[in-house]
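Please read it with the structure open.

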Amino acid sequence: MQSLVIASDDANVQRINPRIPKGNNRLYSSSVPKNSPSDDTPTLRRIWKLMFGKYLLVTNTVSSGGLMMLGDVVAQELEKRRHGTAHTQPGYDWYRIGCMTLVGISQGPLHHYLYKWMDRILPGASVSTVFKKIGIDQFVISPIFIVTYLYSAGLLEGSSVRECTDEIKDKYWTIYTADWLVWPPTQFINFYFINPKYRVLYINAITMLYNVFLCYIKHNEDLRINLVGSDDIKKD
């Protein structure tokens, strides 16, 4: 009986519009299939695909800025607790946070295109390829990142180019030493296991923690003394 009813419905559809093929009476159904293109309601899956597809550069840029901002907020909180000013200075330096956010935004496209370039010249995820990528990251990308970070953050905060250069000479090796402790194992996971389109997001998530260190050492001298073991620091 069910097959007869379906056949009857097909015949009715054909009489209404003979150009519609038989068996397409579902076009007249009031229910819309799940994930149908006619459904204009954005889904998480569609948003995710757009974020990590067509708008991957935007995703990498915005997430880089947001996580740098969060890192500086945590760094300022640590500074206040370390210096005992958490109660006397309950707020944050929002100008500094804004500067750090802009620095993070500037780093997003840099990482985006550098990783694309690296995947193009070294395709695949074999162990030897991964170690080559780690070498490029540590010997090429890391120095570029440190220099651009200190210059951009310093200039945004009102320092001169000479002052930024002096700060690089003063703090470069501290940051670079920390890079060797953090990034080789992090990048092994990144290059060996992570899908290329999620790499900058993964790096930004790790960088959120690393940014606490970067923001702290950018605005303080005590941690640099402990790491380098030198007391001959030029005081302001």
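1. Helix axes are here lines fitted to C-alpha atoms over the stretch in contact, and an angle between two of them runs from 0 to 180 degrees between the N-to-C directions.

2. On overall content, the protein has 8 helices and 0 strands, so that, read from the N terminus, the order of elements is α-α-α-α-α-α-α-α. Of its 236 residues, 38% count as buried. Among contacts in the protein with a separation of 6 or more, 67% are accounted for by residues 24 or more positions apart.

3. Confidence deserves a point of its own. The average pLDDT of the protein is 78, and 75% of the residues score at least 70. Among the elements, the lowest mean pLDDT, 44, belongs to helix α1 (residues 2–16), whereas the highest, 92, belongs to helix α5 (residues 127–156). Over residues 25–32 the pLDDT is below 50, and this stretch has 9 contacts in the model beyond near neighbours in sequence. Over residues 225–236 the pLDDT is likewise below 50, with 12 contacts in the model beyond near neighbours in sequence. Where pLDDT is low, the predicted coordinates should not be read in detail.

4. A further partner of α5 is helix α4 (residues 94–121), which packs with α5 at an angle of about 155°, the two axes being 10 Å apart. That angle makes α4 roughly antiparallel to α5. The crossing of α4 and α5 is right-handed, and the residues of their contact divide into 18 nonpolar, 4 polar and 3 charged.

5. How does α5 lie relative to helix α7? The helices α5 and α7 (residues 199–219) pack at an angle of about 50°, with their axes 13 Å apart, and that makes α5 oblique to α7. The crossing of α5 and α7 is right-handed. On the α5 side the contact is made by Lys-133, Phe-145, Tyr-149, Leu-150, Ala-153 and Gly-154, and on the α7 side by Arg-199, Leu-214, Cys-215 and Lys-218. By class, the contact of α5 with α7 has 6 nonpolar, 1 polar and 3 charged residues.

6. Leaving aside neighbours within four places in sequence, Asn-60 is in contact with Gly-108, His-112, Val-200, Leu-201 and Asn-204.

7. Tyr-202 is found in helix α7, and because buried means under 20% relative accessible area, Tyr-202 counts as buried at 19% relative accessibility. Not counting residues up to four places away in sequence, Tyr-202 touches Thr-186, Ile-189, Asn-190 and Ile-194. Tyr-202 and Gln-187, 15 residues apart in sequence, are 9.7 Å apart in space, C-alpha to C-alpha.

8. Tyr-113, found in helix α4, is partly exposed, with a relative accessible area of 48%. Along the chain Tyr-113 and Val-200 are 87 residues apart, while their C-alpha atoms are separated by 10.0 Å.

9. Which residues does Val-161 contact, once its neighbours within four places in sequence are left aside? Val-161, which is found in helix α6, is then in contact with Tyr-151 and Leu-155. The C-alpha atoms of Val-161 and Tyr-151 are separated by 7.4 Å, the two residues being 10 apart along the chain.

Definitions and conventions: Residues numbered from 1 in each chain as written. Predicted model: local features only at pLDDT ≥ 70, side-chain atom pairs only at ≥ 80, totals over all residues. Heavy atoms only, no water. pLDDT = per-residue confidence, 0-100. Helix = DSSP H or I, 4+ residues; strand = E, 2+ residues; numbered from the N terminus. Contact = heavy atoms within 4.5 Å. Parallel < 35°, antiparallel > 145°, perpendicular 65-115°, else oblique. Left-handed = near helix turned anticlockwise from the far one by under 90°. Nonpolar A, V, L, I, M, F, W, Y, C, P; charged D, E, K, R; others polar. Buried < 20%, exposed > 50% of the residue type's maximum accessible area, 1.4 Å probe, protein only.
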